[in-house]
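Visitor: I am new to this structure and would like to learn how to read its features one at a time. Could you guide me through it?

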Amino acid sequence: MKVFKSLNHNPDLSLALGFFDGVHLAHQKLISHAVDFAKENSKKSAVITFETNPSNYFRKDKIHNISANEERLERIEALGVDFAYVLDFEEFMGMEALEYLEDVLVKSFSPCCIVTGFNHKFGRAREGDTKLLAKYAEKFNYKYVELPAQKIQNCLISSSNIRDMILNGYIRNANLLLGHSFSIKNNVVKGNMLARKLGYPTANIFWPNNIIHLPHGVYFGYVTVDKTYPAVINWGKKPTFGEDGEEVLEAHILNFDSKIYGKIIKVMFLMKIREEIKFPDPDTLRKQIEEDVQTVMKLSRLS
């Protein structure tokens, strides 16, 4: 997949429009529609998206993303998309909806197909919608596909619902709607070695500022270094050691004993196993970590 940060002339494309935060199951279905249409008609497909979440320009409270741009593009590429246009939203937010459709989408891409979600908005003050795209389909010679609301167990699959689930610690529910595990990716940093002294060394990373936070606690999940390993994951401030400063994400990776400082790892969350607790002493904490390791070993055999 070729990634462009600005417009160019690339005609006859099947387009998927949206920000696609998290690339959840509904996003996957939408993008696959555009890809399938392209393949069936010997065309190329493209996703038109933005560097930053457009919703943050219309709200007082900032939205934290479900996934970093790198992961978002990796998941889009995995769906078979040929091109991704990751544009600067500020360049287009002042354009009227019809102006954006005609002078950006049609002029640059002469689309053979446009696919959006049922609640897609675009143009100045979000005045453009699915009705406008359908109305001008014949004039501009494209097929328009509106993906209806997608649900699992009567729950709408949406980025906002997934964010709420993550924020409130319902990680298994969030993963169900995502169709993959919520994850954090960053460089391993050197910690204070307290976990190593207890016999359980950890890989420490910082949580990116623009990614939605889970509640503090201990989680079962997996860590990908070169291979993927089960892990006991602690997210919090290590209260047993009296530290009430910087939050840190620590992963005790099972069956792993290599030095990986500076390496990028991916931490995937599957299930919360307990709250972060202040223990009376390090030995009590060590015994609890032993139990956490046994819990994760059992869960990894079942997953």
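Visitor: How many aromatic pairs does the count come to by the rule you use?

Guide: A pair of aromatic rings is described by the distance of the centres and the angle of the planes. The rule takes rings of Phe, Tyr and Trp (its six-membered ring) as paired if their centres lie within 6.5 Å, and planes under 30 degrees apart count as stacked, over 60 as edge-to-face and the rest as tilted. By this rule the count is 17 aromatic pairs. One of them is the stacked pair of Phe4 and Tyr85, with 5.0 Å from centre to centre and 25° between the planes. Phe4 belongs to strand 1 (residues 2-4) and Tyr85 to strand 4 (residues 83-87), so this pair ties together parts that are 81 residues apart in sequence. Before going on, please note that this is a predicted model, in which local features need pLDDT of at least 70 and side-chain atom pairs count only at pLDDT 80 or more, while totals for chains, interfaces and linings use all residues. Residues are numbered from 1 along each chain as its sequence is written, and side-chain values use heavy atoms, with hydrogens and water left out.

Visitor: Is Tyr85 buried or exposed?

Guide: Buried means under 20% relative accessible area, exposed over 50%, and partly exposed in between (1.4 Å probe, protein chains only). Tyr85 has 0% relative accessibility and therefore counts as buried, whereas Phe4, at 23%, counts as partly exposed.

Visitor: What kind of pair do the rings of Tyr85 and Phe109 form?

Guide: Their centres are 4.8 Å apart and their planes stand at 65°, so the pair is edge-to-face. Because Tyr85 lies in strand 4 and Phe109 in helix 3 (residues 97-109), the pair ties together parts that are 24 residues apart in sequence. Ring pairs also link Phe50, Tyr57, Phe58, Phe89, Phe92, Tyr100 and Phe122 into a cluster.

Visitor: Which residue lies over the face of Phe58?

Guide: A charge sits over a ring if NZ of Lys or CZ of Arg is within 6 Å of the ring centre and within 35 degrees of the ring normal. Over the face of Phe58 lies Arg126, at 5.8 Å from the ring centre, and over the face of Phe19 lies Arg72, at 4.1 Å from the ring centre.

Visitor: In what order do the six strands of the open sheet come?

Guide: Helices (H or I, at least four residues) and strands (E, at least two) are DSSP runs, numbered from the N terminus, and two strands pair if DSSP finds at least two bridges between them. In this open sheet the order is 9-14-11-12-13-10, with antiparallel pairing. Strand 9 (183-187) and strand 10 (203-205) are the edge strands, each pairing on one side only.

Visitor: How many bridges join strand 11 to strand 12?

Guide: Strand 11 (residues 217-224) and strand 12 (residues 228-236) run antiparallel and are joined by eight bridges, and the hairpin between them passes through three residues. Val218 has Asn234 as its bridge partner in strand 12, and Tyr222 has Pro230. Towards strand 14, strand 11 makes seven bridges, again antiparallel, with Val218 opposite Arg274. Seven of the eight residues of strand 11 are buried, so this strand is largely enclosed by the rest of the structure.

Visitor: Which residues cover the two faces of strand 5, and are they buried or exposed?

Guide: Cys113, Val115 and Gly117 on one side and Ile114 and Thr116 on the other are all buried. Strand 5 (residues 113-117) is largely enclosed by the rest of the structure, because five of its five residues are buried. Three bridges join strand 5 to strand 2 (residues 13-17), in parallel, and Leu15 stands opposite Ile114. Five bridges join strand 5 to strand 6 (residues 143-147), also in parallel, and there Ile114 stands opposite Tyr144.

Visitor: Which residues of helix 6 are buried?

Guide: In helix 6 these are Ile171, Ala174, Asn175, Leu177 and Leu178. Seen down the axis, they fall within an arc of 160°, so they line one face of the helix; the arc is that of the directions from the helix axis to the C-beta atoms. Leu178 lies in helix 6 (residues 171-178), and Gly179, which follows the helix, has a positive phi near 85°.
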